[in-house]
Amino acid sequence: MTLFLKKFKTKYNSAPFSKINLSNFKEAFEKNIELARTEIDSIVKNTEKPTFQNTIEALDFSGELLDRLSSIFFNLNSAETSDEMQKIAQEVSPLLSAFSNDIALNEALFKRVKAVYDKKDSLTLTTEEKTLLDKKFKGFSRNGALLNEEDKLILREIDAELAKLKLTFGENVLAETNTYHLHLTNESDLKGLPDGAKEMAASLAKSKELEGWVFTLDFPSYLPFVTYIENRELRKQIAIAAGKKAFQNNPYNNEDNVKRIVELRHKRARLLGYESHSHFVLEERMAQNPYNVLSFLNDLLERAKPAAYKEFAQLTAFAKELDGIDQLEKWDGAYYSEKLKQKLFSLDDELLKPYFRLENVLNGAFTIAEKLFGITFKEIFDIDKYHEDVQTFEVLDVEGNFVAVFYSDFFPRKGKRNGAWMTSFKPQYIKEGNNERPHVSIVCNFTPPTETKPSLLTFNEVTTLFHEFGHALHGMLANTTYPSLSGTSVYWDFVELPSQIMENWCYEPEALALFAKHYETGEIIPQDYIEKIKESASFLEGMATLRQLSFGILDMAYHGKTQTIEDVKAFEKQAMEGTSVYPDVAENCMSTSFSHIFQGGYSSGYYSYKWAEVLDADAFAYFLEKGIFNTEVATKFKDQVLSKGGTELPMELYKNFRGEEPKVAALLKRAGLT
Ligand SMILES: [Zn+2]
């Protein structure tokens with residue numbers, strides 16, 4: 001059990017998966033938390049005056065073993081879980097949150113942090129040190145450390161109520177999603193639906209002991225329905241049902257929860273000295289304040305509108321020609337978009353997949369990283385892995401120095417959660433002159449190989465691989481002193497730049513020629529396929545942009561200024577005015593099931609989807625200008641963005657790379673909105 005209490009005796013200090021025994025985790029957590037507590041205590045009890053080194057730096061380097069253990073445990077819990085692991089997670093999560101709460105509320109510790117912070121102007125600190133000091137101080141102050149006792153109590157009450165409300169909000173949406181189903185017994189009603197979706201609906205019916213077919217509001221059931229079902233009346237039925245989740249006269253109604261959440265968030269922000277919830281949130285974002293976010297959203301809205309209306313007219317004309325429809329409604333959008341897309345592009349996955357053998361795509365990503373950043377990937381077989389599907393690579397720089405360990409884990413299996421993500425088993429940092437290199441992993445759920453065929457990826461899977469690989473580069477090329485500022489530890493609206501920019505190479509013939517080769521014939525993907533991929537990627541992009549912006553605008557309407565909301569639907573309608581091409585549906589309400597902002601962590605953050613797109617398009621435009629493999633631009637990107645993590649304000653990093661602030665022009669061009 002001493003395994004987690006000292007340095008691993010493995011190559012590169014890599015995680016010794018083969019020696020890990022699940023039954024040891026609980027005790028390992030308890031011991032490591034204890035150890036981390038001792039480290040915090042020794043900072044607090046230091047008899048010397050608080051300095052940057054003995055307080056701020058010491059705090060950032062504390063809990064190293066606990067962090068290592070948590071990374072390993074929670075990474076495994078996502079990629080290779082079991083009932084036993086989930087049980088352990090349930091047991092250790094409260095221990096971990098109690099520990100981090102104890103730090104956040106540790107007044108003696110805050111006193112020392114504040115003492116250093118108060119004299120920051122007289123200290124000679126590097127930019128990274130200043131950033132760390134600021135971050136540590138805000139970690140306390142944003143949690144109320146500067147408040148008097150009475151206000152601290154109010155803050156705790158608000159936090160407790162908010163936590164409960166968010167939970168209830170989510171439960172209501174889930175209950176409303178689960179109670180509804182559409183039961184069809186007449187096969188002709190299913191006209192247009194692909195076989196796969198039909199089978200799924202049949203087995204769903206069976207599981208409910210019903211005849212025929214059942215559809216629900218769960219995405220895998222709902223989406224094919226509104227995309228393919230020819231019967232317009234039925235599409236309308238299910239779309240309206242989806243649109244009134246938690247907006248009905250029943251116990252699951254979320255209107256009061258929306259009002260109360262908004263009210264409490266503003267109250268909390270005011271208590272902490274901020275003008276609004278958005279001011280509070282955006283203080284730690286690249287966008288910095290609501291004014292910047294709103295002008296960003298509104299500017300883009302005006303620019304996207306002409307394209308959106310043009311597309312809507314085109315789609316309407318298409319629907320009119322096909323089915324004599326005069327006014328397109330919300331339940332027509334997905335259906336006619338898909339039909340029009342098929343007509344215009346006839347591009348299907350099966351046609352493209354033979355060009356995207358997984359091994360080739362991965363090697364393509366490696367080659368591109370080598371051309372750009374001078375790093376090489378070599379598969380190694382002498383470190384532990386947690387599953388036989390996992391591959392391990394040693395990453396070296398031009399001089400042969402060790403850069404990182406890279407793990408990849410591509411296929412679905414029981415015990416792995418859905419989706420794709422990048423994570424790390426060990427962060428990068430510099431301690432006592434040693435540059436500790438990171439261990440980074442990407443985990444996906446790609447089409448697995450069969451007995452007769454290798455793994456052949458859809459184009460969407462190809463861009464996903466490049467996306468996660470971009471996050472991985474951010475982690476692997478990190479070169480900072482402090483672990484909490486390293487790699488992907490950056491502001492939320494900046495973290496998708498390295499990932500999204502990598503996706504751009506998937507559309508460039510010069511890059512595709514490196515890896516998009518037919519797995520049987522070796523033929524490079526034909527040019528007209530590439531053209532079609534590009535065109536279909538920006539198909540109806542104006543309407544899609546308008547939709548994304550409308551959600552961001554609604555989010556900011558709720559959180560950007562202190563206010564009392566009388567009527568949720570009326571408020572929403574007014575806030576979203578002029579952002580939709582479709583007529584409003586009176587019995588529907590977006591806000592009552594807008595889980596991103598009312599349950600999840602996206603409040604005052606929905607804009608960041610588009611923000612990140614602007615960044616990656618603008619950054620890639622620089623490559624396009626100088627050449628997609630131009631090493632001068634790539635080196636700037638590596639030195640000013642990838643290696644810098646969160647050591648400086650993102651806008652400064654970006655300007656150091658690009659020479660100027662990001663502009664929307666490149667995105668508009670790429671999305672065909674000009
Ligand atoms: Zn991402």
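The donor residues of the zinc ion follow the sequence spacing H-x3-H-x24-E. In this predicted model, the protein donors are His467 (NE2), His471 (NE2), Glu496 (OE) and Glu496 (OE), and they lie 2.1 to 2.8 Å from the zinc ion.

**Zinc site**

- The four donor atoms subtend angles of 51 to 138 degrees around the zinc ion, so the arrangement is irregular. A tetrahedral assignment would require all angles to lie between 85 and 135 degrees.
- For reference, the ideal angle at a metal with four tetrahedral donors is 109.5 degrees.
- The site links distant parts of the chain: His471 belongs to helix α17 (residues 459-476), while Glu496 lies in the loop between α17 and α18 (497-503), 25 residues apart from it.
- His471 counts as buried because its relative accessibility is 9%, under the 20% limit.
- Glu496 has a relative accessibility of 25% and therefore counts as partly exposed.

**Nonpolar cores**

- The largest nonpolar core comprises 109 residues, and those with the most contacts inside it are Phe356, Phe466 and Trp505.
- Helix α13 (residues 290-323) supplies the largest share of this core, namely 12 residues.
- A second, separate core has 31 residues, among them Phe8, Ala28, Ile72 and Val443.
- Beyond its neighbours within four places in sequence, Phe356 is in contact with Val361, Ser455, Leu456, Leu457, Phe459, Val462, Leu512, Phe515, Ala516 and Ile525.
- In soluble globular proteins, nonpolar side chains tend to be buried together.

**Helix α13**

- At the start of α13, a side-chain oxygen of Asn289 comes to within 3.1 Å of the backbone nitrogen of Tyr291.
- Within α13, a kink of about 40 degrees is located at Ala304, shortly before the proline Pro306.
- Just after α13, Gly324 adopts a positive phi of about 65 degrees.

- Asp618 is buried, because its relative accessible area is 4%.
- The side chain of Asp618 reaches the backbone nitrogen of Lys663 at 3.5 Å.
- When neighbours within four places in sequence are set aside, the contacts of Asp618 are Tyr654, Arg658, Glu661, Pro662, Lys663 and Ala666.
- Lys610 has a relative accessible area of 4% and is therefore buried.
- The side chains of Lys610 and Glu613 are joined by a polar contact of 3.0 Å.
- Not counting residues up to four places away in sequence, Lys610 touches Phe296, Leu300, Glu541, Thr545, Gln548 and Leu549.
- The C-alpha atoms of Lys610 and Asn630 are separated by 26 Å, with the two residues 20 residues apart along the chain.

**Positive phi in loops**

- Glu209 is a residue other than glycine with a positive phi, near 55 degrees.
- Glu209 is located in the loop between α8 (195-207) and β2 (213-215).
- With a relative accessible area of 75%, Glu209 is exposed.
- Ala246, likewise a residue other than glycine, has a positive phi near 60 degrees.
- Ala246 is placed in the loop between α10 (232-243) and α11 (255-271).
- With a relative accessible area of 0%, Ala246 is buried.

Note on methods:
Residues numbered from 1 in each chain as written. Predicted model: local features only at pLDDT ≥ 70, side-chain atom pairs only at ≥ 80, totals over all residues. Heavy atoms only, no water. Core = buried A, V, L, I, M, F, W, Y, C linked by side-chain atoms within 4.5 Å. Buried < 20%, exposed > 50% of the residue type's maximum accessible area, 1.4 Å probe, protein only. Helix = DSSP H or I, 4+ residues; strand = E, 2+ residues; numbered from the N terminus. Contact = heavy atoms within 4.5 Å. Polar contact = N/O pair within 3.5 Å; in protein donor to acceptor, adjacent residues only side chain to side chain. Donors = N, O, S within 2.8 Å, 3.2 Å for Na, K, Ca; no water. Tetrahedral: all angles 85-135°; square planar, octahedral: opposite > 155°, others 65-115°. Bend = angle between axes of the 7 residues up to and from the residue.
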